[in-house]
Amino acid sequence: MPNTIPARARPAMLTSRAVQARAADRDLVAAFVLLALLAATPLVLSAFGQEFWTDVVLRAMILAIAAASLNFLIGLGGLVSLGHAAFLGIGGYATGILADFDIDNGFIQLAAVLGASALFALVTGMVALRTKGVHFIMITLAFAQMVYFTMIGLRQFGGDDGLTINYTSMFGGFDLGRKDTLYYVVLAVLAVVMLGYARLRKSDFGLLLKAAKGNERRVSAVGFDPYRYRLAAYVVAGMTCALAGFLDANFTSFVTPGSMSWITSAELIFIVIVGGVATICGPIVGALVFLLIEEIMGGVTVYWHFWFGLFLIAIVLFARNGLVGLLTGGRR
Amino acid sequence: MSLALEVRDLNKFFGGLHATRNVSMAVPKGELHAVIGPNGAGKTTLISQLFGELRPNSGQVLVDGRDVTHRPVHERAGLGMARSFQITTLVRDLSVGENVILALLARRGHAGRFWRRVDRNAELQDAAGLALARIGMDPSHLPRRVSDLSHGEQRLLELAIALVGEPSLILLDEPMAGLGSEESRAMTRLLAQLKGKTTVLLVEHDMEAVFELADRLTVLVRGEVVAVGTPDQIRNDERVREAYLGEDA
Amino acid sequence: MDTVLFANQLLNGIQLGLILFLLAAGLSLVFGIMDFINLAHGVFYMIGAYVCASIAIASGSFVLGIVIALPVTLAFGLAAEWLIVRHFYKRDHLDQVLATFGMVLCADTAVKYFWGPQGLSVPLPAWLSGQISLAGVTLPGYRLFITVVAAAVAIALWQVIARTRVGMMVRASASNEEMARALGIETRMVFALVFAIGAVLAAIAGIMVAPITGASIGMGNQVVILALVVIIIGGIGSIFGAFVAAIGVGLIDTLGRAYLPTILGAVFSPSVASSAGPSLASILIYVTMTLVLIFRPSGLFPPANR
């Protein structure tokens, strides 16, 4: 038979697959360990009087939620968006503008955040997902720039200077902005996003996205319309990122057009890549590394961006699977 | 007589090149119909139009009497059409099993159950194993990456995927391309098993296999149909000898 | 409508368009030939401006600044290509975006280190700072100078690519790298050359702009995005397309900024109109690109060989 392979060769061929499977398992275990460590972090840090670092970790977790949503697009769908930060801004501004009109009801704010981001993702996704490769990169960038310049132009919401948010979100009697609880709310959201991603990756939907990334023609040939599933993914990712913007608005009480600039979008890509594309832990690892470099290096030298840039080039050149890939031995 | 596939006056231009010229065909249900022709005759172009990857400039394609000329690829697949590709078109980064399961999900119209895990679904894994068994591949191949398969195995897998879900019309674009003689014979045996069960449109260069398998043949030269008939009729057709077989001899 | 004002705005638009063209030409060649997306292209724009500015300030000669800045940027371009960029030609666009983003961070910080965070303003020589009257319309001399220089560079580039042996090699490498190599063309050399020439063109743009806006850190970061928009609109790899799109984008931006506040003022309050106008002009550029991508996915003038 032409289709049988020598028995001796088979185990070797199976190992690449098995190595991958083990790497995925380690990734999942690492996710639980990381989440547990994050849960203990505020207690440990406050015991040492290091509340400042709790805030850094909190910021990292918010960024990680945004990065995880981008990782979903890049890692599963192969959709490299250079405009993902627009959703951070949409989340922040939807919250801030409502607060500006004295609406601090968290349920209304959250509905507005999710509704606005879903609508924006749907409309822009319908156009952007018709394009491929670098055109997709540029068109997502273009849409983000449109929102960016819109917010700069709207002086009544702060324009260039950004919008200060005077009221944090109230869910009934619960104030989302309270520092002691916000950390755990964000951690809970992050946990749901990370584990949700782990599950999606193994679902029908994940398989379809991966297949469409690998060979679009094959996916259509068996009878799926890749466009519809990508659009669904794009909307889910946009809403998730807007949720991070909502949390960030409650954390910093401030939102600026800068949060939507292409530089922020590039930073999100950086976090995804440094952490490890298509891994569960990648976004939080990448976000922690990103902020720790900023805080630690920023304390040492005002020129830390230089070393940061070099680090970035080195990562892309040498560690193509990101830090999580280095640790778990998986391949992209 | 009910037709599985009917093509009416199909035309396709690429700039100044007239790649498909007034092609009309009628393939009854259950027939294994071969399309042959010298290189550049427009066979793959024809298949791509039948499957919807290329839009014809004029003409109609009917499947089971239904006009599908303007339907996108994925809808045609949903109507029971399947195709294999001349150049193997599999998702190389995924496993054999995942490639098969993708087709299974599509045939069952199931996708978009966001949460169901496919890797631990025993029923899907079993169905994928059965799909492999049909082409004589052992289910132990399921976890292998497609990029680790040999060329012959990839061609077989391509066929296995086309067969998933019992399509009523299968378009096979040179299933034997690049196969050794032993592998070609195995492939011929597999295709022979399909005869009578489903309608097959076969484009193939291996003349031995084509004349052994086909119920009827269409000969395409420079985008044009020059002859239609049974293998015997084609063998003895003057125009075919002249336009096609003559060139080779 | 005030014709003098309009003529000035038109000249400003064309001038911005020509600056964008100088940036986009190199970007488009690098993109079209090496399939390399270079976010760091604006770095050379910035380096050109800074080097020229400091020489001009130190020596009092703007021309000396130009003469020194061009070879310096050429050297930077070659070094960047050799050290970093060439390792990414065969990588996917994602890696290229990140690596060149890293280069932007390094370069911006290095400039901050050597020149401080303030930025430099460049003195104009007297012979360029006057006004020139043309057909009864008075125009600032320097802006006219920019227009003439940039137009000359554009025409020269066009001629080099269309007529010369080097241009032939570049075109051959662009349409089929393997074939070019088989014909004995050193594609690695061609790539390095194209990249470095792109860098010099960007530097010329930066030098031209510096006396108007000054040299500042990150000055290339927004403009490189505009240049990317230009090459998408014009068609990746097409010099002619880049030229048309650059002029178009320059005019939309300049005329939009000049006249949209007035137009909006008819409907909205003056304060809203004056802040929303410039934003709307920027948005219009991206809307244009989006429309082009929807109706002509490979740009207005895609190169024939693709």
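Rings of Phe, Tyr and Trp count as an aromatic pair if their centres lie within 6.5 Å. The legends below apply this to a predicted model.

**View 1. Five aromatic residues of chain A form one cluster.** The members are A:Phe72, A:Tyr197, A:Phe205, A:Phe224 and A:Tyr229. Over all chains, a search of the whole structure finds 33 aromatic pairs. One of them joins A:Phe205 and A:Tyr229, with 6.4 Å from centre to centre and 50 degrees between the planes. This pair is tilted. A:Phe205 belongs to helix α7 (residues 204–214) of chain A, and A:Tyr229 to helix α9 (residues 226–252) of chain A. The two residues are 24 residues apart, and their pair links distant parts of the chain. Both A:Phe205 and A:Tyr229 are buried.

**View 2. A:Phe270 and A:Phe308 make a tilted pair.** Their ring centres are 4.7 Å apart. The planes meet at 55 degrees, which lies between the 30 degree limit for stacked and the 60 degree limit for edge-to-face, so the pair counts as tilted. A:Phe270 sits in helix α10 (residues 262–275) of chain A. A:Phe308 sits in helix α12 (residues 304–318) of chain A, 38 residues apart from A:Phe270. Here too, the pair links distant parts of the chain. A:Phe270 has 0% relative accessibility and counts as buried. A:Phe308, at 3%, counts as buried as well.

**View 3. A charged end sits over a ring in chain A.** The charge belongs to A:Arg130 and the ring to A:Tyr227. The charged end lies 3.8 Å from the ring centre.

**View 4. Two annotated spans of chain A are helical.** An unreviewed UniProt entry places the feature "transmembrane region" at several spans of chain A, including residues 56–74 and 181–200. Residues 56–74 of chain A are 100% helix and 0% strand. The end C-alpha atoms of that span are 26 Å apart. Residues 181–200 of chain A are also 100% helix and 0% strand. For residues 181–200, the end C-alpha atoms lie 28 Å apart.

**View 5. Chain C has 12 helices and 2 strands.** Along the sequence the pattern is α-α-α-α-α-β-β-α-α-α-α-α-α-α. The radius of gyration of chain C is 20 Å, close to the 19 Å that the globule rule gives for 306 residues, so chain C is as compact as a globular protein of that length. Its C-alpha atoms fill a box of roughly 60 × 50 × 40 Å along the principal axes. Of the 306 residues of chain C, 55% count as buried. The accessible surface of chain C is about 12,700 Å², with 69% belonging to carbon and sulfur atoms.

Conventions. Residues numbered from 1 in each chain as written. Chains lettered and ligands numbered in written order. Predicted model: local features only at pLDDT ≥ 70, side-chain atom pairs only at ≥ 80, totals over all residues. Heavy atoms only, no water. UniProt positions renumbered as here; feature names shortened; annotations may be inferred. Helix = DSSP H or I, 4+ residues; strand = E, 2+ residues; numbered from the N terminus. Phe/Tyr/Trp six-rings, centres within 6.5 Å; stacked < 30°, edge-to-face > 60°. Buried < 20%, exposed > 50% of the residue type's maximum accessible area, 1.4 Å probe, protein only. Lys NZ or Arg CZ within 6 Å of the ring centre and 35° of its normal. Rg over C-alpha atoms; globule rule 2.2 N^0.38 Å. Areas by Shrake-Rupley, 256 points an atom, 1.4 Å probe, with all protein chains shown as cover.
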